[in-house]
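Let's take a friendly walk through a protein model. Have the sequence and the 3D view ready as you read.

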Amino acid sequence: MSTIHVALTRAMRVEGALGAVLVDYVSRMPLGAMSCRNTLDLTRAAHGCTDVVRAHLSALSQFGHQPEQIEDILVTLVGELHLIRPLTRRTHEGLFLLLVLDREHAHPDLARKELRGIEALL
């Protein structure tokens with residue numbers, strides 16, 4: 001089993017997880033994805049969240065912050081939470097994890113903690 005598959009499987013075990021995807025934000029390409037909903041288009045979510053990551057990195061660089069200072073980005077929607085975690089270790093430049101959560105059943109702090117552990121796997 002690939003490391004990406006193991007990481008995504010672990011992400012899907014987070015309470016309230018609807019989908020997880022590992023994305024290369026340079027090319028916008030999902031490197032792996034898992035979902036428990038057929039209606040959740042993770043490729044489209046990956047493209048949209050790539051814009052969010054790029055915008056945050058650009059804004060932070062204008063203020064002199066380094067990319068590794070971003071721990072995560074939380075996007076709150078009516079029924080979902082999108083938790084974006086840029087992978088900051090040197091070998092993972094240009095990658096981020098996106099975890100889509102059901103807003104009613106998710107615990108964002110626990111999800112953040114789990115994504116930190118998943119990042120260590122990659």
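Below, we look at the cysteines and then at one helix.

## About the model

This is a predicted model, in which local features need pLDDT of at least 70, side-chain atom pairs count only at pLDDT 80 or more, and totals for chains, interfaces and linings use all residues. Residues are numbered from 1 along each chain as its sequence is written, and side-chain values use heavy atoms, leaving out hydrogens and water.

## The cysteines

How many disulfides does a search of the whole structure find? The count is zero, where a disulfide is a pair of cysteine sulfur atoms within 2.5 Å. For Cys36, the closest cysteine sulfur belongs to Cys49 and is 17 Å away, which is too far for a bond.

Cys36 is exposed, with a relative accessible area of 51%, while Cys49 is buried at 6%. Here buried means under 20% relative accessible area, exposed over 50%, and partly exposed in between (1.4 Å probe, protein chains only).

## Helix H3

Helices (H or I, at least four residues) and strands (E, at least two) are DSSP runs, numbered from the N terminus. Helix H3 covers residues 108–121, and its 14 residues reach 20 Å from first C-alpha to last, close to the expected 20 Å. That expected span is 1.5 Å times one less than the number of residues.

Which residues of H3 are buried? They are Ala111, Leu115, Ile118 and Glu119. These residues lie on the same side of H3 because they cover an arc of only 100° around the axis, taken from the directions from the helix axis to the C-beta atoms. On the other side, Asp109, Leu110, Lys113 and Ala120 are exposed.
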